[in-house]
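User: I would like to learn how to read the features of this model one by one. Please give the general idea first, then the case at hand.

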Amino acid sequence: RLHQNEALVVSLTNRWEEKWLRAQNIMQTKGLSLSDTGATIRVDTEKPYLVAIDSDPLTAGVTMCYLKEGVSWIGSRNKEKDDVQQSLDIVLDGENILSCHCSIDVQRDEISLLPQSGALCIVDDVRVEEKTQLNQGAIVRLGFDRVFRLTHPAQAALMR
């Protein structure tokens, strides 16, 4: 029984170490840093990202969608169109999210959203159907129920 308990401790320790290494790798590749400010944890990055604003009261986590330099493609899971899904950078579930819904283009300090034909994209309560510039704090709704706030650290620093 002692050997079983020791084996379990080793197994759990190894799993925890693997998870910690994965978390460190994600933070490093995404340029993230964490800081503990008492009762809150702050995530800092110089790269722009979308933060999900979820209306589901049962959601327990925070979702950040990292936006790479260049074009990030956003769409839904679609088993019939695996080739499209594999080219997506951000995969969303939700009502009225097309398999290839829109793209977000990050070019230095400018970020723009380009809806695909028929895609429901709303920026700051205005439906957009062509290329639209996004600014720090913009509220972006994709489909009927996916809502995000754009965080653009470089623009935010200029606004302070």
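**Reading the model**

Analyst: Of the 160 residues of the protein chain, 29% count as buried, where buried means under 20% relative accessible area, exposed over 50%, and partly exposed in between (1.4 Å probe, protein chains only). This is a predicted model, in which local features need pLDDT of at least 70 and side-chain atom pairs count only at pLDDT 80 or more, while totals for chains, interfaces and linings use all residues. Residues are numbered from 1 along each chain as its sequence is written, and side-chain values use heavy atoms, with hydrogens and water left out.

User: How many helices and strands are there in the protein chain?

Analyst: Helices (H or I, at least four residues) and strands (E, at least two) are DSSP runs, numbered from the N terminus. The protein chain has 3 helices and 13 strands.

User: What is the strand order in the open sheet?

Analyst: Two strands pair if DSSP finds at least two bridges between them. The open sheet has 5 strands in the order S6-S5-S7-S8-S11, and its pairing is mixed. Strand S6 (90-92) and strand S11 (132-134) are the edge strands, each pairing on one side only. On average, neighbouring strands of this sheet are turned by 25 degrees against each other, direction ignored; axes are lines fitted to C-alpha atoms, for helices over the stretch in contact, and angles run from 0 to 180 degrees between N-to-C directions.

User: In which sense do strand S7 and strand S8 pair?

Analyst: Strand S7 (residues 102-107) and strand S8 (residues 110-115) are antiparallel, with 6 bridges. Ser103 stands opposite Leu114 in S8.

User: Which side chains meet in a salt bridge?

Analyst: Side chains of opposite charge can pair when their charged atoms come close. A salt bridge is a side-chain nitrogen of Lys or Arg within 4 Å of a carboxyl oxygen of Asp or Glu. The structure holds 2 salt bridges. One joins Asp89 and Lys68 (3.1 Å, N to O). This pair links distant parts of the chain, 21 residues apart: Asp89 lies in the loop between helix H2 (82-86) and S6, and Lys68 in the loop between S4 and strand S5 (70-76). Asp89 counts as partly exposed because its relative accessibility is 37%, and Lys68 counts as partly exposed at 31%. The other joins Glu129 and Arg127 (3.6 Å, N to O). Glu129 is exposed because its relative accessible area is 63%, whereas Arg127, at 45%, is partly exposed.

User: Which residues make the nonpolar surface patch?

Analyst: Patches are made of residues with over 30% relative accessible area and no salt bridge; like charges are joined within 9 Å, nonpolar side chains (Val, Leu, Ile, Met, Phe, Trp, Tyr) within 5 Å. Val43, Val62 and Met64 make a nonpolar patch of about 250 Å², with areas from the Shrake-Rupley method and a 1.4 Å probe, where for residues only the protein chains shown count as cover. Met64 belongs to strand S4 (residues 64-66) and is partly exposed because its relative accessibility is 32%.

User: Where are Asn96 and Asp124 found, and what is the phi of Asn96 and of Asp124?

Analyst: Most residues other than glycine have a negative phi. Asn96, in the loop between S6 and S7, has a positive phi near 70 degrees. Asp124 sits in the loop between strand S9 (121-123) and strand S10 (126-127), and its phi is also positive, about 50 degrees.
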